[in-house]
Amino acid sequence: MKLHEHQAKEILKKYNLPVPEGKVAFSLQEAKQVAEELGEFPLVVKAQVHCGGRGKAGGVKLVKSMEELEAAVKGMLGKVLKTFQCPDGKPVNRVWIEKATPIEKEYYLSITLDRSVSKPVLMASAEGGMEIEEVAKEKLEAIHMLHIDPDLGLMPSQARNLAFKLGLPVNDFVKITLGLYRAYEELDASLVEINPLVLTKDGKLVLLDAKVEIDDNALFRHKDLEEMEDLTQLDPLEVEAKTYSLNYIKLDGNIGCMVNGAGLAMTTMDIIKLAGGEPANFLDVGGGANVEQIANAFRILMADKNVKAVFINIFGGILRCDRLANGLIEAAKMVEIKVPVVVRMEGTNVEEGKRILSESGLNFITAEDMWDGAKKAVELAK
C-alpha cells in the first residue's frame with residue numbers, strides 16, 4: 001500500500017527526522033489558510049498523487065505570493081496529472097504545501113528488501129533528484145549499496161562509513177539513516193525512499209520528498225495506516241477486486257489472466273509474452289477461492305475494455321477444478337462473454353471440471369497444457 005508524500009512526512013516526523021514544515025490541503029480555501037499559517041513565502045505546492053515525475057509534469061510549483069499559490073492550487077486540484085510514469089494520469093484531490101528549502105545539493109537515500117539475499121538494503125547516491133533507475137543505467141558506480149543484517153539492524157558504524165563516502169555531515173546522516181531504518185522495520189514497509197535528501201545552503205540535511213510503501217500482508221498490524229489508503233489513486237477494477245479478497249493488478253496488455261497462486265500467475269504472464277502476447281493483468285484468485293470469488297474475478301476481467309482474450313490457467317489443489325468450472329458458469333450468468341476464453345486445468349477433479357464445462361453449453365476453448373493455452377490465447381487476441 002502506497003502512502004502519499006504528506007502522510008509519509010507526517011509519519012517520519014514522529015521519528016524525529018528533518019522534514020520541511022508544511023500541511024496538506026483539500027481545497028483552495030484550505031490551501032490559503034495553510035499559507036497564512038506557514039507565515040511567509042516562498043512556498044512549494046505539491047500535487048499528491050501516486051506517480052513519479054510530478055515536477056516535470058507541473059505537479060510541483062514554487063510560489064512567491066498568495067496570487068501565485070492560488071493559481072498553482074487551481075491548476076492542480078480536481079485535475080488529472082499525467083507523468084511519464086503514469087501516462088493515463090492520476091486525479092489530484094489534495095496538495096501538500098511546505099516552506100521552500102534553500103538547496104545546495106541533492107542526494108538519494110532509500111531502504112528496501114533485496115530478495116536475492118533476503119536482507120534489507122540501504123541505497124544512497126550523490127545523484128539525487130532524478131530517477132534512480134536512470135542513475136543505475138548510466139552511472140551504476142554512483143549508487144552505494146549496503147546490506148543490513150536483520151538480526152543486528154543498521155549499525156552506526158555502517159552509516160558513518162556511508163556518510164564519509166558521500167561527503168555528508170556525519171552525525172546528521174547517521175541520525176537520519178538510523179531513524180529511517182527504524183521506521184522501515186516498525187511500519188512493516190517494503191520501501192522507504194527519500195529523493196531528494198538535500199543538503200541545505202547552511203549545511204543541514206532535510207528530507208525534501210518522501211515515499212513510503214507498506215507491505216499489504218502486514219496491514220492487519222497497522223489499522224491506522226490501512227485507513228490512510230487513497231482509493232482514488234487505484235484503478236477502479238483493483239479497488240473492486242480488493243472487496244472480494246482478490247489479488248489483482250491491471251497491466252497494459254490485452255490478454256486477461258486468471259490463475260490460482262502467485263507463482264503460477266507470474267509464470268502465466270511470462271509464457272504469454274513468450275508466445276508473443278501481452279498480459280492485461282495479474283490476477284491470483286488464491287488456492288481456496290470459492291464459486292463467488294471465481295465468478296467475481298471473471299467479471300472483473302471482462303470489465304477491462306482492453307481485454308481481447310482470456311487465459312484461465314488453474315492447477316487444481318485446494319481449488320478443485322470442478323469448483324472452478326462451476327464458478328465460470330456462474331460468471332457467465334453475471335456478465336456477457338464477448339471475447340474468447342481459453343481454459344487450461346490440471347489437478348484435483350480435472351475430468352469432472354472438464355465435463356462440467358463441456359456440458360454447460362458455453363463456448364470455452366480448452367487447452368492441453370500451459371503452452372498450448374498461451375498460444376491459443378495470443379492468436380485469438382489478434
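Leaving aside its neighbours within four places in sequence, with which residues is Ala 124 in contact? In the predicted model examined here, Ala 124 is in contact with Tyr 108, Leu 109, Ala 142, Ile 143, His 144, Leu 162 and Leu 166, once the neighbours within four places in sequence are set aside. The residue belongs to strand E8, which comprises residues 119-125. Glu 134 stands ten residues from Ala 124 in sequence, and the C-alpha atoms of the two are 14 Å apart in space.

The chain as a whole is considered next. It has 382 residues, of which 50% are buried. Its secondary structure consists of 13 helices and 18 strands, and the C-alpha trace spans about 75 × 50 × 40 Å along its principal axes. Among contacts with a separation of 6 or more, 69% are made by residues 24 or more positions apart. The accessible surface of the chain amounts to about 18,500 Å², and carbon and sulfur atoms contribute 50% of that surface. With regard to charge, the chain carries 47 positive and 58 negative side chains, and the centres of these two sets are 2 Å apart.

Strands of a sheet pair through backbone hydrogen bonds, either parallel or antiparallel. The sheet in question is open and has four strands in the order E1-E6-E2-E3, with antiparallel pairing. Strands E1 and E3 (60-63) form its edges, each pairing on one side only. On average, neighbouring strands of this sheet are turned by 20° against each other, direction ignored. Helix H2 (residues 28-38) packs on the sheet and touches E1, E2 and E6, and its direction makes about 170° with that of E1. Helix H3 (residues 66-74) lies across E2, E3 and E6 and runs at about 165° to E3. Within the sheet, strand E2 (residues 43-47) and strand E6 (residues 95-99) pair in the antiparallel sense over five bridges.

The loop between H2 and E2 contains Pro 42. The peptide bond that leads from Phe 41 to Pro 42 is cis, with omega near 5°. Lys 14 is located in another loop, between helix H1 (5-13) and strand E1 (22-25). Lys 14 has a relative accessible area of 69% and is therefore exposed, the cut-off for this class being over 50%. Although Lys 14 and Gly 179 are 165 residues apart along the chain, their C-alpha atoms are separated by 9.8 Å.

Parallel pairing is found around strand E16 (residues 309-316), in which seven of the eight residues are buried. Strand E14 (residues 255-259) pairs with E16 in the parallel sense over five bridges, and Ile 255 stands opposite Ala 309 in E16. Strand E17 (residues 341-347) also runs parallel to E16, and seven bridges join the two. Here Ile 312 stands opposite Val 343 in E17.

A cis peptide bond links Asn 195 to Pro 196, with omega near 10°. Pro 196 is found in strand E10, which covers residues 189-200. Asp 188 lies in the loop between helix H6 (170-186) and E10. The phi angle of Asp 188 is near 55°, a positive value in a residue other than glycine. Ser 245, likewise not a glycine, has a positive phi of about 60°. The loop that holds Ser 245 runs between helix H8 (236-243) and strand E13 (247-250). With a relative accessible area of 57%, Ser 245 is exposed.

Definitions and conventions. Residues numbered from 1 in each chain as written. Predicted model: local features only at pLDDT ≥ 70, side-chain atom pairs only at ≥ 80, totals over all residues. Heavy atoms only, no water. Buried < 20%, exposed > 50% of the residue type's maximum accessible area, 1.4 Å probe, protein only. Contact = heavy atoms within 4.5 Å. Areas by Shrake-Rupley, 256 points an atom, 1.4 Å probe, with all protein chains shown as cover. Lys, Arg positive; Asp, Glu negative; His and termini not counted. Charge placed at Lys NZ, Arg CZ, Asp CG, Glu CD. Pairing = 2+ DSSP bridges. Axes fitted to C-alpha atoms, helices over the stretch in contact; angles between N-to-C directions.
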